[in-house]
Every structure is written in C-alpha cells, then in structure tokens.
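Good morning, and thank you for joining this meeting. Please look at the structure on the screen while I describe how its parts are arranged.

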Amino acid sequence: MCDDNAVPVRCPSCDGYGWISDLFDGEGDCDWCQGIGYICRDSKGVDHPIPIEHLSALAETLEALEAERLRELGYTGQAKKPWDQAIRQARGNLLDGKD
Ligand SMILES: [Zn+2]
C-alpha cells in the first residue's frame, strides 16, 4: 500500500502513457500502474499502483507531472496561431488581419 510519504512518480513500465502495447497480449492497460500512468513510490522505494481512492487527493500533483511529461514530449499546451504556422508564412497568408 501507499503510505503517507509515498511520492507519485511516472510509471516506469508504460512511461506515463497508462497503457502498453505487448507483442503477445496486444494493447491494454498497464498492469504496473493499472492504467493511471503514475505509481506511488513508498519510503522504502517500493512502487505501488495508486489506489483509486487516493486519486482525487493526488489530482493536482498528477496533473503537474502530466504537464511536465507533455512538455518533455514537446507539447506546449497551446495551439500555434495561424500567423505562427510555417505553412501560412510560406504562402504569405497569415490571417492576422493585416493583408
Ligand atoms: Zn504504467
């Protein structure tokens, strides 16, 4: 079980995705984190799935970890504005209202 000092960390098995693609079993929820993408590491350094009833208490922490993971993947959380898009710059059509 997770103790009170347990720290949520990215699941080492699925790397935060929550699912794994297995050559033999196909795709499915990650067994290690039970599909959450994160596990908790107790004070002895042992990893456990995060109990469902702890999820709401950890929501903010998990959200921050997820934001960090997406940033690592290059996702900024914002769409590029039309005038920032290379394709529109190349066409000279920036849609910025300054034609
Ligand atoms: Zn996992």
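I begin with a hairpin, in which three residues connect β2 to β3. Please note that what we see is a predicted model.

Strand β2 covers residues 19-22, and strand β3 covers residues 26-29. Their pairing is antiparallel and rests on four bridges. Within this pair, Trp19 is placed opposite Asp29 in β3.

As background, strands of a sheet pair through backbone hydrogen bonds, and the sense can be parallel or antiparallel.

Let us turn to the open sheet. Three strands build it, in the order β1-β4-β5, with antiparallel pairing. Its edges are β1, residues 7-10, and β5, residues 47-49, each of which pairs on one side only. On average, neighbouring strands of this sheet are turned by 45° against each other, direction ignored.

Strand β4, residues 38-41, runs antiparallel to β5, and three bridges join the two. Here Ile39 faces Pro49 in β5. Against this sheet packs helix α1, residues 55-72, which touches β1 and β4. The direction of the helix makes about 25° with that of β1.

Which residues make up the largest nonpolar core? There are 10 residues in all: Ala6, Cys11, Cys14, Cys30, Cys33, Ile36, Tyr38, Ile39, Cys40 and Ile50. In soluble globular proteins, nonpolar side chains tend to be buried together.

Finally, consider Cys11, one of these core residues. Leaving aside residues up to four places away in sequence, Cys11 touches Gly16, Cys30, Trp32, Cys33, Gly37, Tyr38 and Ile39. Thank you for your attention.

Conventions:
Residues are numbered from 1 along each chain as its sequence is written. This is a predicted model: local features need pLDDT of at least 70, side-chain atom pairs count only at pLDDT 80 or more; totals for chains, interfaces and linings use all residues. A nonpolar core is a set of buried Ala, Val, Leu, Ile, Met, Phe, Trp, Tyr and Cys residues joined through C-beta atoms within 7 Å. A residue is buried if 20 or more other C-beta atoms lie within 10 Å of its own, exposed if 12 or fewer, and partly exposed in between; C-beta atoms are placed from the backbone. Two residues are in contact if their C-beta atoms, placed from the backbone, lie within 7 Å. Two strands pair if DSSP finds at least two bridges between them. Axes are lines fitted to C-alpha atoms, for helices over the stretch in contact, and angles run from 0 to 180 degrees between N-to-C directions.
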